[in-house]
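Welcome, and take a moment to look over the model below. We will walk through it a step at a time, beginning with a term that will come up again and again.

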There are 2 protein chains.
Amino acid sequence: MTEVQRRPGGRSARVVAAVRAAVNELVAERNPGDVTVGEIAERAGVNPTSIYRRWGTLEALMLDVEEARVEVKSPIPNTGTLRGDLLAYARQVAREITRPGGMAFLRAVLAVRQSGDTQHQSSWGPLHKRAAQLQSMLDRAADRGESAPALNDVLDCILAPIYLRAIFGNSKPREEHLAIFVDRALGPV
Amino acid sequence: MTEVQRRPGGRSARVVAAVRAAVNELVAERNPGDVTVGEIAERAGVNPTSIYRRWGTLEALMLDVEEARVEVKSPIPNTGTLRGDLLAYARQVAREITRPGGMAFLRAVLAVRQSGDTQHQSSWGPLHKRAAQLQSMLDRAADRGESAPALNDVLDCILAPIYLRAIFGNSKPREEHLAIFVDRALGPV
């Protein structure tokens, strides 16, 4: 039995997939702050204790769902030029944060930060996996002989204003704004 | 009696001052997400219904407290040069967002945004008052003959990365980072 449970595609993997799908549906349907573990369990057809045992808290589950979603929906671009990659990345970020339920991720991050969680004290915290992938994209550009900015410049110039506008501005940045953000990250020519 | 209540410094003003002080104390003492209207009322020595009547929701109260705090603690700088003003502004933002309880403001903004509040649909939403003050600072620089960036550039280049680092990075940007943010806002020389 143990062997079967550990097999990818076994019961365990099905539970994870069902729970993640339930979270994505629920945060898109309503105020994500109102979604409870009980509702997620019901929608996924699992026991709430399975959720607590695997993820610990609702916030940890939200972060996990976002990470899995980013992996699938927003693969790191590889367009052949750094400017092309950064523009594609900017469009991904703008699309994801402004989708219904997109802010649930930020809300979960703030909740984890405030509860003094120490799992994510590494540089860029809950973004660390994504940050490592972006660093590979920058390294690839440098290998091609392009002049690549530092990772912090990419996050400060592109990710930060898109998130800020989502939080305060109620609007998705237009294409010309994204181009300005990318040019800032690339720095003075 | 009505005349007395409306007088600045009267009972009404004392309630507002006591409630704001209670919020500032409580969010600095503990996880701001755990602060309740009941606790605020108890600390301020007022009835919870007074809080609901005046502010409506906990989130609206949090935004009001932040606005009042910014007014007092972070007056718009007037150093004589735009670069000096922007650097002073960047230091204010970094200091306020990283103070104990500083993230409570962002959390309240996210809560208001998610509940579909329509009071703050103006440009830059809950930041609109602050944005107008910053615009005056930029206009003053232009009047002196300095080349001033657009307000959005200031928010995108300075406010956004400081907030992003507070949310994800667990650290206050160092002085040299703030100088980089300011130079980006000022644009290519």
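A residue is called buried when its relative accessible area is under 20%, exposed when it is over 50%, and partly exposed in between (1.4 Å probe, protein chains only). With a relative accessible area of 8%, A:F105 is therefore buried. Before going on, please note that this is a predicted model, in which local features need pLDDT of at least 70 and side-chain atom pairs count only at pLDDT 80 or more, while totals for chains, interfaces and linings use all residues. Residues are numbered from 1 along each chain as its sequence is written, chains are lettered from A and ligands numbered from 1 in the order in which they are written, and side-chain values use heavy atoms, with hydrogens and water left out.

Let us start with chain A as a whole. Its secondary structure consists of 10 helices and 0 strands. Here helices (H or I, at least four residues) and strands (E, at least two) are DSSP runs, numbered from the N terminus. Of the 189 residues in chain A, 48% are buried. Contact means heavy atoms within 4.5 Å. Among the contacts in chain A with a separation of 6 or more, 65% are between residues 24 or more positions apart.

Now back to A:F105, which belongs to helix α7 (residues 103–114) of chain A. Its C-alpha atom is 6.4 Å from that of A:L63, although 42 residues separate the two along the chain. Leaving out residues up to four places away in sequence, A:F105 touches A:L63, A:E66, A:L127, A:Y163 and B:F168. The last two names lead us to the aromatic rings.

A pair of aromatic rings is described by the distance of the centres and the angle of the planes. Rings of Phe, Tyr and Trp (its six-membered ring) pair if their centres lie within 6.5 Å; planes under 30 degrees apart count as stacked, over 60 as edge-to-face and the rest as tilted. How many aromatic pairs does this rule give over all chains? The count is 2. In one of them, the ring centres of A:Y163 and B:F168 are 6.1 Å apart and the planes are at 45°, so this pair is tilted. A:Y163 lies in helix α9 (residues 151–169) of chain A and B:F168 in helix α9 (residues 151–169) of chain B, so the pair joins two chains. Both A:Y163 and B:F168 are buried. The rings of A:F168 and B:Y163 have centres 6.2 Å apart and planes at 45°, so they too form a tilted pair. This pair also crosses between chains, running from A:F168 in helix α9 of chain A to B:Y163 in helix α9 of chain B. A:F168 and B:Y163 are both buried.

These phenylalanines turn up again in the largest nonpolar core. A nonpolar core is a set of buried Ala, Val, Leu, Ile, Met, Phe, Trp, Tyr and Cys residues joined through side-chain atoms within 4.5 Å. The largest has 116 residues, and those touching the most other members are A:I158, A:F168, B:I158 and B:F168.

Stay with helix α9 of chain A, where A:D156 is also found. Is this residue buried or exposed? A:D156 is buried, at a relative accessible area of 3%. Its side chain makes a polar contact with the side chain of B:R165, at 2.7 Å.

Finally, turn to helix α4 (residues 48–55) of chain B, whose buried residues are B:S50, B:I51 and B:W55. Seen down the axis of α4(B), these fall within an arc of 100°, so they line one face of the helix. The arc is that of the directions from the helix axis to the C-beta atoms. The buried residues of α4(B) pack against α2 (11–29), α3 (37–44) and α5 (58–73) of chain B. After α4(B) comes B:G56, with a positive phi near 85°.

Definitions and conventions: Polar contact = N/O pair within 3.5 Å; in protein donor to acceptor, adjacent residues only side chain to side chain.
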